[in-house]
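Subject: Structure handover

Hello,

I am passing on the structure below, with notes on what was found in it. Please read the notes with the structure open.

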Amino acid sequence: MSIQPGDKLPEIALQELQNGAVRSVSIAEAFGGKDVVLFAVPGAFTPTCSEAHLPGFIEAMPAFRDLGVEVIGISVNDAFVMGAWGQQQGAPEDLRLLADGNGEFSNAIGLSLDASAYGMGLRSKRFALYAENGVVRWVEEEAPGEFRVSSAEHVLERLRSEG
């Protein structure tokens, strides 16, 4: 069962590349005292993720800033891959790309995906969630093969309609 509104995000460390070194990032640090949109992709550098998902959030960052909402993207990749992906895509520093290297976070919230049939192993499903101070307010999971409810455009629309 996947995480539900009202649930607290599990305290499972993610990783971030900073100044060439991998740094552990606690959920408390990333989400504590903040309004945060978290979007997840199956893999950095994969087609939909690189051509639409991350670019949409990069483009929408001014709107998220105006709403006072921070943005974090995760994938079951290592911190070096996530750092290179952000650099290649031109992600601003305040759009944090965190690694869920072993898929522990995605698995703990019930949103992991077995992509072994495609040679990708355990991955994260494509989803977006909104949390206030680490408590989930809503979560939207994509149907297999779709990219709609986790897009920056849809997430912004939902935040504005509930705001």
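Axes here are lines fitted to C-alpha atoms, for helices over the stretch in contact, and angles run from 0 to 180 degrees between N-to-C directions. Please keep in mind that this is a predicted model.

Helix packing

The axes of H2 and H5 come within 9 Å of each other, with a crossing of roughly 15°. Since angles under 35 degrees count as roughly parallel, H2 is therefore roughly parallel to H5. Their crossing is left-handed. On the H2 side, the contact is made by Gly56, Phe57, Ala60, Ala63, Phe64 and Leu67; H5 brings Ala152, Val155, Leu156, Leu159 and Arg160. Sorted by class, this contact has nine nonpolar residues, one polar and one charged.

Helix H5 spans residues 152-162, and its buried residues are Ala152, His154, Val155, Leu156 and Leu159. Their cover includes H2 and S3, along with strands S8 (127-132) and S9 (135-141).

Aromatic pairs

There are three aromatic pairs in the structure. One of them is Phe39 with Phe57, a stacked pair with 4.1 Å centre to centre and 5° between the planes. This pair links distant parts of the chain: Phe39 sits in strand S3 (residues 35-41) and Phe57 in helix H2 (residues 47-67), 18 residues apart. Phe39 and Phe57 are buried.

The ring centres of Phe57 and Phe64 are 5.6 Å apart and the planes lie at 15°, so this pair is stacked too. Phe64 is buried, as is Phe57. Phe39, Phe57 and Phe64 form one aromatic cluster.

Regards

Technical notes
Residues numbered from 1 in each chain as written. Predicted model: local features only at pLDDT ≥ 70, side-chain atom pairs only at ≥ 80, totals over all residues. Heavy atoms only, no water. Phe/Tyr/Trp six-rings, centres within 6.5 Å; stacked < 30°, edge-to-face > 60°. Helix = DSSP H or I, 4+ residues; strand = E, 2+ residues; numbered from the N terminus. Buried < 20%, exposed > 50% of the residue type's maximum accessible area, 1.4 Å probe, protein only. Contact = heavy atoms within 4.5 Å. Parallel < 35°, antiparallel > 145°, perpendicular 65-115°, else oblique. Left-handed = near helix turned anticlockwise from the far one by under 90°. Nonpolar A, V, L, I, M, F, W, Y, C, P; charged D, E, K, R; others polar.
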